[in-house]
Amino acid sequence: NAGTEADVYISVYGERGDTGSRQLLRSQKAKKFLKGQTDIFTVEAVHLGHLYKIVIGHNGLGSGNGWYLDKVVIKDPITDLDYTFLCHRWLDQGQDDGSIARELTVTDGSTFPGSQELEIMREETWAAEKWKFQEGNTLQFYNRLSCGFICLNPDSRVDALGDKKNKYGKVFFMWMYT
């Protein structure tokens, strides 16, 4: 359910102005905005110079209108530059912060390529995994090299022998490869 059937709109902003709100109508795909799909659109506009932000969103209409947007890449045919706008968020009234429109700034091309995407993935991974480290949980890590467990107890004690049948707290396993 990461795709949308709603009407999607984009406004592109550059040093010489903006496009105004434009509906993304014709994708090179038969059905647009499907989960896991990359859609390509042509938007005609005057040359805006260097781009710095976009506003993208949808009208919230239709069944399954929530949409998870990974990123937008704009290819400038005049300068042959690519502008990447990372999102990695929901545009959905029932997900995330409930917004169906996002203002995205251009990814700084001088940084390590993909570093912002890696940071977002790190944040998403921590958001998904942090519940394991809540108070009262017992963690057990399995080390394949020693074939043993290390148990981190809620009271901050560390048991290098670790008991995989520990009845206190939740038990999680992490395989460590060396």
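Is K75 buried or exposed? K75 is exposed, with 58% relative accessible area, where exposed means over 50%, buried under 20% and partly exposed in between (1.4 Å probe, protein chains only). This is a predicted model, so local features need pLDDT of at least 70 and side-chain atom pairs count only at pLDDT 80 or more, while totals for chains, interfaces and linings use all residues. Residues are numbered from 1 along each chain as its sequence is written, and side-chain values use heavy atoms, with hydrogens and water left out.

**Overall layout**

- The protein has one helix and 11 strands, taken as DSSP runs numbered from the N terminus (helices are H or I with at least four residues, strands are E with at least two).
- Walk along the sequence and you get β-β-β-β-β-β-β-α-β-β-β-β.
- Of the 178 residues, 29% count as buried.

**The largest pocket**

- The largest pocket has a volume of about 1200 Å³.
- A pocket here is an open set of points on a 1 Å grid over the protein atoms alone, with protein on both sides within 12 Å along at least five of seven lines; a cavity is instead a set where a 1.4 Å probe fits but cannot get out, and lining residues have an atom within 4 Å of a point.
- Points are joined across faces, edges and corners, and the volume is the space filled by probe spheres set on them.
- The idea behind it: rolling a probe the size of a water molecule over the atoms shows where empty space is left.
- The largest pocket is lined by 35 residues, and the closest to its centre are D39, F41, V72, V73 and I74.
- Strands β1 (8-14), β4 (51-58) and β5 (67-75) are the elements that each give two or more residues to this lining.
- Which element gives the largest share of the lining? That would be β5, with nine residues.
- By type, the lining divides into 22 nonpolar, seven polar and six charged residues; Ala, Val, Leu, Ile, Met, Phe, Trp, Tyr, Cys and Pro count as nonpolar, Asp, Glu, Lys and Arg as charged, and the others, Gly among them, as polar.

**Salt bridges**

- The structure holds six salt bridges, each a side-chain nitrogen of Lys or Arg within 4 Å of a carboxyl oxygen of Asp or Glu.
- One of them joins the side chains of K75 and D82, at 3.2 Å from N to O.
- R102 is buried, at 7% relative accessibility.
- R102 pairs with D96, the closest N and O atoms being 3.5 Å apart, and also with D97, where the closest N and O atoms are 2.8 Å apart.
- D96 counts as partly exposed at 47%, and D97 is partly exposed with a relative accessible area of 47%.
- Salt bridges that share partners tie R89, D96, D97 and R102 into one network.

- Most residues other than glycine have a negative phi, and most peptide bonds are trans.
- H88 has a positive phi of about 50° although it is not a glycine.
- H88 sits in strand β6 (residues 82-91) and is buried, with a relative accessible area of 10%.
- D96 also has a positive phi, near 55°, and is a residue other than glycine.
- The place of D96 is the loop between β6 and β7 (101-105).

**Contacts across the sequence**

- D76 lies in the loop between β5 and β6 and is buried at 8% relative accessible area.
- D76 and G49 are 27 residues apart along the chain, and their C-alpha atoms are separated by 9.1 Å.
- L51, in strand β4, counts as buried at 10% relative accessibility.
- L51 and D82 are 31 residues apart along the chain, with 9.6 Å between their C-alpha atoms.

**A nonpolar surface patch**

- I150, L152 and V158 form a nonpolar patch on the surface, with about 230 Å² of accessible area together.
- Patches are made of residues with over 30% relative accessible area and no salt bridge, joining like charges within 9 Å and nonpolar side chains (Val, Leu, Ile, Met, Phe, Trp, Tyr) within 5 Å.
- Accessible areas come from the Shrake-Rupley method with a 1.4 Å probe, and for residues only the protein chains shown count as cover.
- V158 is found in strand β10 (residues 158-159) and counts as exposed at 56% relative accessibility.
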